[in-house]
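Here are some exercises to work through with the model open beside you. Try each task before you read its solution.

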Amino acid sequence: MIELTVNGQKLPLGELRMKTRRTGGAGMVTAFTPDLGVPLALGSRVRLSRGGEGVFAGYLFCLEENGDGRVLTAYDQLRYLLYRDTKVFSGKTAGEIVREICGERGLALGEAAGSYRIPSLIADNRPLLDIIRTAIERTAAATGERLCFYDGCGTLQLKPESAMALPLKIDGGGLLCSYSLTADIGRDSYNRVQIVRKNRKSGRRDIFVREDRESIARWGTLQYCAQAAANATDGEIAARMEALLQQKNRALEALTLQCAGDLRFQAGRIAGVSLPGREGRWRIEEAEHLLSDGAAEMKLKLTHL
């Protein structure tokens with residue numbers, strides 16, 4: 001049973017659509033209510049719950065009314081991180097960067113993980129969420145540590161990806177209705193990593209390379225280029241190249257699923273999927289849920305772990 005409340009006031013619920021994205025956007029709920037009597041104001045607290053357990057918490061950003069009822073559009077706290085700012089960070093972890101930004105914006109924050117200290121992160125007039133994503137990507141590139149930043153029903157969280165697994169599985173005998181699977185080496189696949197560091201003593205550039213020759217023989221040379229801080233050690237650069245090869249030296253597999261709806265499947269979560277001839281664990285990149293006339297369905301876009 002799905003329940004919609006606005007500032008604690010329960011409203012009758014008609015059609016509902018909920019969208020979440022792992023990167024680059026806020027969670028959004030669009031809900032129709034036939035109730036015209038309860039006063040509603042922009043900025044009101046909107047909450048969805050399923051069987052008493054919260055699945056979405058956000059704020060009313062748009063309100064549309066007609067003779068049949070009202071359509072509410074609410075966004076979670078990530079919406080407040082889409083505004084631009086200029087930031088300079090030095091020697092801070094992704095968690096420390098998130099904590100500073102959320103503190104400035106007065107946003108509720110729970111766990112803020114991340115152990116790698118980013119030497120320097122300079123952002124000029126960029127969305128705050130983009131700055132946080134850059135910190136997460138640099139952490140992954142340097143150490144292989146994957147982090148997920150999301151709104152956990154009213155509290156922002158930066159957690160290790162290993163903590164995002166769902167105790168659920170999608171298969172042909174259960175939720176799955178249809179699927180489309182693609183494999184691609186042209187978007188985010190690399191088998192040769194080149195990192196350049198400016199040598200302070202000579203004024204020249206030191207070039208470091210690591211590659212997988214077997215992969216190059218199969219796919220050709222797919223080169224990833226990056227710069228290292230001038231004070232980065234050879235060991236730090238070697239570890240960074242190894243982490244990048246482990247992450248990027250694979251075909252990017254993307255999966256789109258049409259399924260029976262379950263609001264626990266949200267962007268950032270890890271789900272088991274059973275397809276004809278194969279099973280695996282997949283990262284949910286985008287999730288869209290539709291509840292209408294008592295029926296629930298969802299469309300998921302996933303990438304293979």
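**Exercise 1.** Find where glycine 43 lies, and decide whether it is buried or exposed, or in between.

*Solution.* Start with the strands (E, DSSP runs of at least two residues, numbered from the N terminus): glycine 43 lies in the loop between strand E4 (28-33) and strand E5 (45-50). This is a predicted model, where local features need pLDDT of at least 70, side-chain atom pairs count only at pLDDT 80 or more, and totals for chains, interfaces and linings use all residues. Residues are numbered from 1 along each chain as its sequence is written, and side-chain values use heavy atoms, leaving out hydrogens and water. Next, take the accessibility: buried means under 20% relative accessible area, exposed over 50%, and partly exposed in between (1.4 Å probe, protein chains only). Glycine 43 has 43%, so it counts as partly exposed.

**Exercise 2.** Work out whether the length of helix H2 (128-143) agrees with its number of residues.

*Solution.* Helices are H or I runs of at least four residues. The expected span is 1.5 Å times one less than the number of residues.

**Exercise 3.** Explain why H2 is described as largely enclosed.

*Solution.* First look at burial: twelve of its 16 residues are buried, so H2 is largely enclosed by the rest of the structure. Among them are Leu129, Ile132 and Ile136. Then look for partners: the buried residues of H2 pack against strand E8 (84-92) and helix H4 (234-248), among others.

Notes. Contact means heavy atoms within 4.5 Å.
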